[in-house]
Amino acid sequence: MFFRMRAFLSILTIIILFSSCSEYQKVLKNEEVKPKYDLAQKFYDEGDFKRANRLYEQIVPKYVGKPQGERVMFFFANTYFQLEDYYLSGYQFERFIKSYPKSDKIQEATFLGAKSYYELSPRYSLDQTDTDKALTKLQSFINTYPDSEYFEESNTMAKELTSKKEKKQIEIAKQFNKLGQFNYPILVSAITAFDNFISDNPGSIYREEALYYRIESATSLALNSTENRKKERLEEALDSYNTLLRYYPETEYKKKADDLAKKVQGELAQYSESK
């Protein structure tokens with residue numbers, strides 16, 4: 001009896017699915033707009049965003065300027081978001097915002113549009129164009145809707161993307177530092193890159209790291225400088241060391257920084273002895 005019931009339910013499920021697919025294909029090929037609208041709404045409510053999307057795609061142009069147009073365009077954009085097609089969801093939400101700036105859905109659309117670009121943001125080592133776009137949109141949302149239910153999530157995403165961009169910046173500077181160990185003039189670019197990072201990102205989680213690696217770059221450059229620049233650069237390296245300890249007296253880089261400072265102080269001592 002149990003197996004018969006299971007077989008019956010399986011057959012019933014197949015019949016329902018076949019009927020649903022048959023209805024979908026029939027409506028999809030039909031020229032009438034209303035059946036497509038109704039079926040798209042049904043699929044959307046059931047979470048079948050793929051089939052809802054196909055139907056909305058066909059009817060969106062038909063509802064431009066009509067009362068249902070706002071609803072159709074928002075749902076169309078959101079089907080792309082739910083399907084994780086973030087390029088198209090970002091684009092469609094932008095279209096919605098331009099078309100219906102006074103919509104009750106404008107706040108949600110603005111958030112989801114920004115989140116679409118957040119989802120497109122690649123790992124830090126790749127081009128950050130989408131990250132920049134996401135940050136611009138998230139910051140605009142945060143400024144415009146400070147009381148929004150999406151405020152905290154937007155803030156969290158913005159901080160994450162900011163850290164990602166900072167990570168890219170400091171890794172580039174560290175790469176200059178690494179290359180400079182074999183080609184000393186490159187260390188000038190490394191120091192400039194660290195200075196720019198420290199100046200541009202005062203609250204960064206990578207600030208301590210940047211201050212330490214600036215010491216490395218400055219010390220290597222000083223120790224390998226010509227005599228007419230050496231003393232000046234040694235003093236600059238020591239200033240870098242003092243800056244790190246001033247801001248981070250318990251820095252995790254203290255031992256390595258101390259070792260570099262001893263080398264610098266040893267070299268500077270020679271100038272005092274020669275007086």
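**Helix pairs and exposed spots**

User: What makes the crossing of H2 and H3 left-handed?

Analyst: The crossing of H2 and H3 gets that label because a crossing is left-handed if the near helix is turned anticlockwise from the far one by less than a right angle, and right-handed if clockwise. This is a predicted model, where local features need pLDDT of at least 70, side-chain atom pairs count only at pLDDT 80 or more, and totals for chains, interfaces and linings use all residues. Residues are numbered from 1 along each chain as its sequence is written, and side-chain values use heavy atoms, leaving out hydrogens and water.

User: Why are H2 and H3 called roughly antiparallel?

Analyst: Helices here are DSSP runs (H or I, at least four residues), numbered from the N terminus. H2 (residues 33-46) and H3 (residues 49-59) pack at about 150°, with axes 8 Å apart. Angles run from 0 to 180 degrees between N-to-C directions, and axes are lines fitted to C-alpha atoms, for helices over the stretch in contact. Under 35 degrees counts as roughly parallel, over 145 as roughly antiparallel, 65 to 115 as roughly perpendicular, and the rest as oblique. So H2 and H3 come out roughly antiparallel.

User: And what makes H4 and H6 roughly parallel?

Analyst: H4 (residues 69-82) and H6 (residues 106-120) pack at about 30°, so they land in the roughly parallel group. Their axes are 11 Å apart.

User: Which residues of H4 and H6 meet?

Analyst: Contact means heavy atoms within 4.5 Å. On that basis, Phe-74, Asn-78 and Phe-81 in H4 meet Glu-108, Ala-109, Leu-112, Lys-115 and Ser-116 in H6.

User: Why is Glu-84 called exposed?

Analyst: Glu-84 has 57% relative accessibility, so it counts as exposed (buried is under 20% relative accessible area, exposed over 50%, partly exposed in between, with a 1.4 Å probe and protein chains only). Glu-84 lies in the loop between H4 and H5 (86-99), and has a positive phi of about 65° although it is not a glycine.

User: How do you know that Lys-262 is exposed?

Analyst: Its relative accessible area is 56%, so Lys-262 is exposed. Lys-262 lies in H12 (residues 254-273).

User: What makes H10 largely enclosed?

Analyst: 16 of the 17 residues of H10 are buried, so the rest of the structure largely encloses it.

Definitions and conventions
Helices (H or I, at least four residues) and strands (E, at least two) are DSSP runs, numbered from the N terminus.
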